Structure formats: C-alpha cells, structure tokens
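Here is a short briefing on one chain. Look over the sequence and the fold, then read the points below.

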Amino acid sequence: MTDHHRRPQSRGGKRTYGNIYRVVRYKHESYHLLFDSFAVPDMVKRFQFYFDLFGDSSPRTTDQNTYLQNWIRGERQRDRDGRIKRQAAWNNLFARMTIADILIEINNCWLDYAWRIVKVQTASGKILFVTQKILASARTS
Ligand SMILES: [Zn+2]
C-alpha cells in the first residue's frame, strides 16, 4: 500500500488523516501518470480530456465515438505508446464505473479535500466538469 497526498506535498499538503488516501501502488501510479500532481484547475482540465477520450461504462453517443476515432487517428502517429499507457491507467482507476461512481471516488479519495468536481450537462448533451470549493463548515474530515 502507498500513501496518496490529496493535497500534494509540493503544494503544502501535510501527513494528516484527511489528506492521506491509502491505496495500492498500481492505482497510485496510474493516477499520477494521468494527473501528475497538478493543482485542482489543471487536474480537472486533464480529467475532462481523458473523460472525453476514454469515457465511462455508459454507452457512448455518436459524437463521442467520432471524437474518439478522430483523436486516435491523429494520435496514432504521434504518441501511440503514450495513449496506450494512459488508456491502461484510466482503466486501472475507473474501468466498469459510471461517471457518478467515478466522481464519488475522485472526490472522496483522490482530489484535494477542499474541492470537488461536479458534472454539468450542456443543452447539446456534452458533459462538462467544473470545480466547487467546499466550505470549511461543511467538511466532516
Ligand atoms: Zn499521490
């Protein structure tokens, strides 16, 4: 088992109970391969990018399939190994989960405890992720 700092040590995160997530090594490495130790705004941008690409266990729309196919076609020449590694990392973390379950896991285990990611849906059906700061008084840990 390894210790994940929800607020990275490089950003002032301490070894306190609420900041540590005990997690198996392969998942921990997968998380940082995808999200590095980015601050929350950059982390959520990456999350959006990977979600658009790899999705969840819900069926994909035609738009999502087209986007994925185009992206893979372009990426095949440039960074095929990188894509395969990132797809494997995403699967290590989120395979067979719905987006609702993925967000619960991100928000309760991985993300800086002062923030959460929420999902909004545009009129055209695209899923967007935005961050919310959790009020200190609403926190339980
Ligand atoms: Zn970590």
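The chain holds 5 helices and 4 strands. Along the sequence they follow the pattern β-β-α-α-α-α-α-β-β. The radius of gyration is 16 Å, close to the 14 Å that the globule rule gives for 141 residues, so the chain is as compact as a globular protein of that length. This is a predicted model.

**Overall dimensions and packing**
- Along the principal axes, the C-alpha atoms fill a box of roughly 45 × 35 × 25 Å.
- Buried residues account for 13% of the 141 residues in the chain.
- Take the contacts between residues at least 6 apart in sequence: 53% of them join residues at least 24 apart.

**Asp36: loop between H1 and H2**
- Asp36 sits in the loop that links helix H1 (25-35) to helix H2 (40-54).
- Its phi is near 50 degrees, a positive value in a residue other than glycine.
- Asp36 has 12 other C-beta atoms within 10 Å, so it is exposed; the cut-off for exposed is 12 or fewer.

**Arg96: loop between H4 and H5**
- Arg96 belongs to the loop between helix H4 (80-94) and helix H5 (99-110).
- Phi of Arg96 is near 60 degrees, and this too is a positive value in a residue other than glycine.
- Arg96 counts as exposed because it has 8 C-beta neighbours inside 10 Å.

Terms used: Residues are numbered from 1 along each chain as its sequence is written. This is a predicted model: local features need pLDDT of at least 70, side-chain atom pairs count only at pLDDT 80 or more; totals for chains, interfaces and linings use all residues. Helices (H or I, at least four residues) and strands (E, at least two) are DSSP runs, numbered from the N terminus. A residue is buried if 20 or more other C-beta atoms lie within 10 Å of its own, exposed if 12 or fewer, and partly exposed in between; C-beta atoms are placed from the backbone. The radius of gyration is taken over C-alpha atoms; the globule rule is 2.2 Å times the number of residues to the power 0.38. Two residues are in contact if their C-beta atoms, placed from the backbone, lie within 7 Å.
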